[in-house]
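Here's a quick briefing on a predicted model, written for someone who likes cut-offs spelled out. Have a look at the structure first, then we'll go through the ligand site, the domains and the interfaces.

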Amino acid sequence: MKPAPFEYHRPGTVEEALAVLARHSGDAKPLAGGQSLIPAMNFRLARPAVLVDLNRIPALAGIRGSADGLRIGAMTRQRAVERDATVARDAPLVAEALPHIAHPQIRTRGTVGGSLAHADPAAELPAVMVALDATFDLVGPRGRRSIAATEFYTGLFTTALAPDELLVEIAIPRPAPRSGSAFVEVARRHGDYALAGVAAVVALDDAGRCRAARIALLSVGDGPVLARKAAQAITGESLTAEAIKGAADAAASQDIDPPGDIHASAAYRRQLVGVLVRRALQRACERARSH
Amino acid sequence: MAPPPRLVGKRVLRNEDARLLTGRALFVDDVRLEGMLHVAFLRSEHAHARLKRIDVSAARRRPGVVAVYTAADLGDYWRPGPLLVPPPPIPGLEFHACTQVPLVKDKSRHVGEPIAMVVAESRYVAEDALADITLDVEPLAAVVDLEAALSRGAPLVHEQLKSNRAAHVIQKKGDYDAARAAAHKVITRRFLYDRGISAAIENRAVAARWDARAEELTVWDTTQAPIPIRNGLAAMLGLLESQVRVIAPFVGGGFGPKIMMFYPEEVLVPWAAMRLGRPVKWTEDRRENFTATTQERGQVHDAELAVAKDGKILGVKDVFLHDSGAYDSYGLTVPINSQCTLLGPYDVPNYYTEFTAVFTNKTLVTPVRGAGRQHGVFVMERLLDFAARALGLDRLEIRRRNYLPPGAFPFNNEIIFQDSAPLVYDSGDYAPALEDAARMIGYEKFVREEQPRLRVAGRHVGVGVVSYIEGTGIGPYEGARVTIEPSGRVRVATGVGTQGQGHFTAFAQIVADVLDVPVEGVHVVTGDTREFNWGTGTFASRGAVVAGTACHAAAVAVRDKIVAVATRVLNQPPEKLELAGGRVTVKGAKDDGISYGALATRANPLRGAVKPGTEPGLEATAYYGPDRGSTASGVHAMIVEVDPETAMVEIQRYVVVHDCGKLINPMIVEGQIQGGVAHGIGNAFYEQLVYDDTGQLQNASFMDYLLPTATDVPRVEIAHRETPSPLNPIGLKGVGEAGCIPTGAAFAQAVEDALADFGVEITEIPLSPDKLFDLLKKTRPKKRNVVVLEGSFVFAGPRAAVWDLLQDPAVLGTALPGAMRLERTGDGHYDGLMKVGIGPVTAAEFSVRITLRDREPPARYGMIVEGKGSFGFTRGTAQVALADHKSGTEMTYRAEVQVGGTIAGVGQRLLDSVARRMTKQGLEALNKALAARL
Ligand SMILES: Cc1cc2nc3c(=O)[nH]c(=O)nc-3n(C[C@H](O)[C@H](O)[C@H](O)COP(=O)(O)OP(=O)(O)OC[C@H]3O[C@@H](n4cnc5c(N)ncnc54)[C@H](O)[C@@H]3O)c2cc1C
């Protein structure tokens, strides 16, 4: 379990990093926390010829709150986000989901951008960003562009990132008034990739009906799955137990076509999605009502 | 006369912990010597394959590579390993010994079996060179399922045998058929208990140095049995035993697989060091560990229990299959233990037990903590639970009614145990342990009040209570040498190895008590053949019992020497002498005395003489070799809560009442039990090695092979009972394996109890939420180990055009992701090259071969797609049918996809998704090609 030979670069600025990536177009990989990339290299499944270490680029890390919302630098450690007071206030869904990612040691190295760029279908953060309707900023030789999280994920482990681009920043809009969110998942052991998980955001109107809902699922598709049918089922409805159950059933039966593996059959994943969407919506509604 | 115990029985902090916790302890991988070379092994990616040709020339040319060895290069050194445990003397026993080989010569028999050894300046270079080796292999059908293995026409793991039967053994006592005929009820079930790994924190490692000037070979080895390894290596290498020194320094967990396997790596590394004249080291990585280190057993039991109306056991019948893996070097220890231990603490007058051990194309099975005992316990305890339910009896009551009474000992259970003799329970007192456990877990209150109350609130809690016995502390023998040095410090050397059990403290406590010295003043040495020449090893819960008793005997002999020398030096009769605090004093004159250190100096005369018949020094060596072992016992109880919606289980409480005779150090015993329970919980709910039908291990990393972590294992509440063994002076019984033996049975009972409303019955271990979901839904469990793609696709074109399209290599090529070329090589045969990668997996070249068969144009055909590349291989078989459809042609397909190599071991979580995506993309590409044609 030793990696194949590779060349190593440690640039000090984004520009330098982009230059190295461009020079080795396709053969170079950015190295963030290394918690997914390095294991893949040790198995020799990943064999990048060149590693571009982003860990010495200070501009890429940091959390900033503003009137529009929250901006998180790609290289911000997952653990830093988990412990940040602004995040807890302005993006409680992120704070709630983070402890489910691996273990403190891994979150201390692992970065937000690394997890989002890695695009593991079972990862928590991509689903959370889809539920929050976050926007990702990418930079490359052709300049800077912003892309919605929902568009960023294009397939299994595939994203809108070009090989010579970097994910630099994530923008999370401020929570809507009278809204609440919840994150729930089922994993075999705490810190494992989930068998299924749900990130849900619900906003209420003045009558206490559901004005808008975004429900994102993890570990049941090629990437984060936006459960549109489930959201449709409750939008405009009073949030009764039946309405919530209806949304949960829609998620389980219409929004997904889950894969099976040795840990969970497709049928079991479907069952979990039904249960977890129900639980997440209940919790999100309670929180929205208490706002 | 030894004084009453002062330290034995106390929670003495461990002598070794300061070294271990501050990183000063030596482990094999810490051995770094000048000029040291590093090793990587090329291992079989196939479970069963004929090796037709191997070419290592390119690897040999790679800069930094020093040597590459194949089976052919080993010459006479290539020999199958020893049969470690000959079969026991049971009438009618059938046993076929097929032991592992150092490197595959003609055929590989399990994934991970070593084929070639690369020795290089660094492990990195050695691993790089593995990719330079080219193999020509012919994959053979693999033997995986135990029942299929025995069917007529099954492929053979060992062709020299007529079948895959490795052994067949029947043991009986009484007359089961008569008991059955007289029974009020007969409970019949099939039980499955699947494989796991031992998952020691330290993998295996071997380092070796040949000192040509001293003509000495030093081998550092993570073995549990350094002396047998020394003896075996000396014989294989043609050296005197005294020319070989095997050191098993600190070892990070043994659990059985490190006993004395003469693993290929263990015999090849010393050989290479001698041949190359440079030190050589190999450290197993976790990936290798999953397929190259021996594993726990899988068994399938068909069992019956004949009971009387009052719940008395009349008899038990058990017929089972035991998975030996590819070789059976460890003989029959594991299934024999299952047979013998099944009887447990119960009075079972009639017993029929029969097993067939089966060769399969899987990693070898050898003893792992519990060593098959848990399988017997699982069967018996589950049968009792089902009987209790059938008779309307309380689960505890049926056990009470069947325990052997306190007056029954010694009790011969008449079934041969792992030491080749019938197991005789030396002592025991079972019923009080059950009452203690029931009290601690609050059994009565729980079933009468708490459980009904919570059930009304929609919560599903359950309790499990089971009991077991464990044969421990078997022979043949161990020895120890105790020396008092002139400094007054005491040195104890013994032949066993140590893997974290606290030997440096437990043995020190025993010796310190006899000599009346502080425990910190006793320095224990284990696992170095230069320090102690005779012994067997640390396994079978025998270290404390056998080596501990030898330490005791040696200490008593040294005490006698102290008295003898002091009698002479102090000129006082022995009865006037007192030994305390490392000094000998004269009774009534406390200030007149002499330290042990000074006596040690006097016992080593610089002038004068050592009289004939006496020896210099305060030193003695003693051995202890019990005729039979001592039998420990215990009761485990646990409370679980199950969420029937998610099928997740939480263990809320875990109680162990344990009886291992006299406790040397309760703290160490509790550590063993806590660790054992964690191991058992893993076996019960988390750990399972999943093999597919081709013998590929599907969860060959800790990402998918789930060890319970600290948050999954509750703090075990432990109570001790001490029924001393009459067989040794301290009264010891073993404890190393105990914690994991009844855990699966307790877990199954508790989960079943929690789900009583659902009528779920648990007969299989390990369980998982996924399996529990199937049980709850009463769905037939699916095969978890193959990816099945089923679906249909509508092509926008007529059937004949679609059919033609599907035969055209140019078009088929476009349907393969990343295809670089595809050529027709014959009718229905296509060969090509594709480059695929996905997400974290760098795109790599795969050679592909497509074979179409059973073609019935334009209606249906079968297809085999095989791919081979640097991270493994894949094979898909598909049945495809075409039918007319209102908007063109509908294709329906069913495909099974199997993979081998690295992707099989670590990529399984994504396999289904990847296969589906490739299918979808391929079909869409074909449809596009069709549109372009029409
Ligand atoms: C034992 C273990 C358990 C885990 N459990 C979980 C879990 O439960 N849930 C979960 O979500 N994750 C889990 N992870 C993964 C962990 O969260 C990783 O930290 C994360 O997936 C990747 O982040 P990283 O910073 O380590 O990225 P790296 O491993 O360094 O990189 C990952 C990939 O992203 C690319 N990349 C990184 N940064 C950028 C960037 N700024 N721009 C473009 N590309 C970039 C890299 O080139 C690479 O391909 C686990 C990891 C381990 C080791």
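Helix 7 of chain A gives the most to the shell around the ligand, with 4 residues; helices here are DSSP runs of H or I with at least four residues, strands are E runs of at least two, and both are numbered from the N terminus. This is a predicted model, so to speak of a local feature takes pLDDT of at least 70 and side-chain atom pairs count only at pLDDT 80 or more, while totals for chains, interfaces and linings use all residues. Residues are numbered from 1 along each chain as its sequence is written, chains are lettered from A and ligands numbered from 1 in the order in which they are written, and side-chain values use heavy atoms, with hydrogens and water left out.

**Around the ligand**

- The ligand is surrounded by 30 residues, and Pro30(A), Gly34(A), Leu37(A), Thr111(A) and Glu124(A) are the closest (a residue is near if one of its heavy atoms lies within 4 Å).
- At least two shell residues come from each of strand 2 (28-31), helix 7 (112-118) and strand 10 (166-173) of chain A.
- Sorted by class, that shell has 15 nonpolar, 12 polar and 3 charged residues; Ala, Val, Leu, Ile, Met, Phe, Trp, Tyr, Cys and Pro count as nonpolar, Asp, Glu, Lys and Arg as charged, and the others, Gly among them, as polar.
- A backbone N or O atom of Leu37(A) is 2.7 Å from a ligand oxygen atom, with a polar contact being a pair of N or O atoms within 3.5 Å.
- Thr111(A) brings a polar side-chain atom to 2.7 Å from an oxygen atom of the ligand, and for Gln78(A) the polar side-chain atom lies 3.3 Å from a ligand oxygen.
- On its own the ligand exposes 960 Å², and the protein buries 90% of that (Shrake-Rupley areas with a 1.4 Å probe).

**Domains of chain A**

- Chain A splits into domain 1 (7-53), domain 2 (62-173) and domain 3 (179-290), with bounds from an automatic or database domain assignment.
- In chain A, the C-alpha centres of domain 2 and domain 3 lie 20 Å apart.
- Contact (heavy atoms within 4.5 Å) involves 25 residues of domain 2 of chain A and 25 residues of domain 3 of chain A.
- Those two domains of chain A bury about 2,000 Å² between them, 61% of it on carbon and sulfur atoms; buried area is the accessible area (1.4 Å probe) that two parts lose on being put together, summed over both.
- Glu96(A), His100(A) and Pro121(A) supply 26% of what domain 2 of chain A buries against domain 3 of chain A, more than any other three residues.

**Where chain B meets chain A**

- The contact draws 52 residues from chain B and 44 residues from chain A.
- Between chain B and chain A, about 4,100 Å² is buried, and carbon and sulfur atoms give 58% of it.
- Glu645(B), Pro840(B) and Arg909(B) supply 16% of the area that chain B buries against chain A, more than any other three residues.

**Backbone details in chain B**

- Ile765(B) and Pro766(B) are joined by a cis peptide bond with omega about -5 degrees, and Pro766(B) sits in the loop between strand 30 (764-765) and helix 19 (769-777) of chain B.
- Another cis peptide bond joins Pro857(B) and Pro858(B), with omega about -10 degrees.
- Glu215(B) has phi near 55 degrees, a positive value in a residue other than glycine.

Notes
Polar contact = N/O pair within 3.5 Å; in protein donor to acceptor, adjacent residues only side chain to side chain.
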